[in-house]
Amino acid sequence: FSARESLKSFFYLETEEGYYASEAEIIYMHILLGMYYVRSGDFEKGKVQARYAGNLLSGEWSAEGQFDDPNLRLLLAALWTSLGEWDEAKVDLRKILQQKTNATYIKQLLSLTKPPKELFLV
């Protein structure tokens, strides 16, 4: 996986073929790019991508209102955890609980004072 500066335009602009990425795809791409930066050891760029994804999840996309998704929040929490930002990860975990109040695994994660040594998403 590699990303160039020109890839940023994919996140926001319509392509020549007329394709416009959905909210979920845009946010997912920011999370993936953040994970790529973590893997490359560039934690600062990873944090920037995590912030982009978090802001997009919290913002208003259209007249229909805010787009938010517990699955994307879980991926974002995993990104924050891999960046060593457990407090930021817990923000997204709490947002999941607002949407899925019976998510026991999220409650278990939130009860931890330190991040889990390993966080597997299946």
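**Notes on the predicted model**

1. Start with Leu-93. Beyond its neighbours within four places in sequence, Leu-93 is in contact with Leu-74, Ala-77, Trp-86, Ile-106, Leu-109 and Leu-110. Keep in mind that this is a predicted model.

2. Leu-93 also belongs to the largest nonpolar core, a set of 24 residues. The members that touch the most others are Ile-27, Ile-31, Leu-76, Leu-79, Leu-93 and Ile-106. At least two residues of this core come from each of helix 2 (23-40), helix 3 (43-58), helix 4 (70-82), helix 5 (86-99) and helix 6 (104-110). Helix 4 contributes the most, six residues. In soluble globular proteins, nonpolar side chains tend to be buried together.

3. On the overall fold, the protein has six helices and two strands. Read from the N terminus, the order is α-α-α-β-β-α-α-α. Of the contacts between residues at least 6 apart in sequence, 47% link residues at least 24 apart.

4. On burial and surface, 34% of the 122 residues count as buried.

5. Which residues form the aromatic pair? The structure holds one such pair, made up of Tyr-36 and Tyr-37, with 5.6 Å centre to centre and 55° between the planes, and it is tilted. Tyr-36 counts as partly exposed because its relative accessible area is 26%, whereas Tyr-37 counts as buried because its value is 16%; the cut-off for buried is under 20%.

Methods:
Residues are numbered from 1 along each chain as its sequence is written. This is a predicted model: local features need pLDDT of at least 70, side-chain atom pairs count only at pLDDT 80 or more; totals for chains, interfaces and linings use all residues. Side-chain values use heavy atoms; hydrogens and water are left out. Helices (H or I, at least four residues) and strands (E, at least two) are DSSP runs, numbered from the N terminus. Buried means under 20% relative accessible area, exposed over 50%, partly exposed in between (1.4 Å probe, protein chains only). Contact means heavy atoms within 4.5 Å. A nonpolar core is a set of buried Ala, Val, Leu, Ile, Met, Phe, Trp, Tyr and Cys residues joined through side-chain atoms within 4.5 Å. Rings of Phe, Tyr and Trp (its six-membered ring) pair if their centres lie within 6.5 Å; planes under 30 degrees apart count as stacked, over 60 as edge-to-face and the rest as tilted.
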